[in-house]
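Good morning, and thank you for coming.

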Amino acid sequence: MFLHYSTRFKKSFHKRPEWVRELVKDRIRLFEVDPRHPLLDDHPLGGKLTGLRSFSITGDLRVQYEPFSDGSARLLNLGTHSELYG
């Protein structure tokens, strides 16, 4: 899977501690190989975010992304549930 990284995602990623960045990289590698892996808890978003999806890094840390019909995706944002939806 080819991934695009938004500026917002990159900024949020670089603000995280090193151990979190490593975990994010691991989950993104898993997402590239198997986007529906149970560990990712991938799910569609609703409301004003309909058409977007989210997968989990930890219990509260998530990545919002936009899937494309060609199988690629754009990672839009990285944050806790309250940062993304609060």
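Two strands pair if DSSP finds at least two bridges between them. Strands (E, at least two residues) and helices (H or I, at least four) are DSSP runs, numbered from the N terminus. This is a predicted model, in which local features need pLDDT of at least 70 and side-chain atom pairs count only at pLDDT 80 or more, while totals for chains, interfaces and linings use all residues. Residues are numbered from 1 along each chain as its sequence is written, and side-chain values use heavy atoms, with hydrogens and water left out.

Let us begin with the sheet. Its five strands form an open sheet in the order β1-β5-β4-β3-β2, with mixed pairing. At the edges stand β1 and β2 (43-44), each with a single partner strand, so one side of each has no neighbour in the sheet. The strands β4 and β5 run antiparallel and are joined by seven bridges; Y65 has L75 in β5 as its bridge partner.

Next comes helix α2, which spans residues 18-33. Its buried residues (under 20% relative accessible area, with exposed meaning over 50% and partly exposed in between, for a 1.4 Å probe and protein chains only) are V20, R21, V24, R27, I28 and F31. Seen down the axis of α2, these fall within an arc of 125 degrees, taken from the directions from the helix axis to the C-beta atoms, so they line one face of the helix. The face turned away from that buried side carries the exposed residues W19 and V33.

Conventions. Expected span 1.5 Å × (residues − 1).
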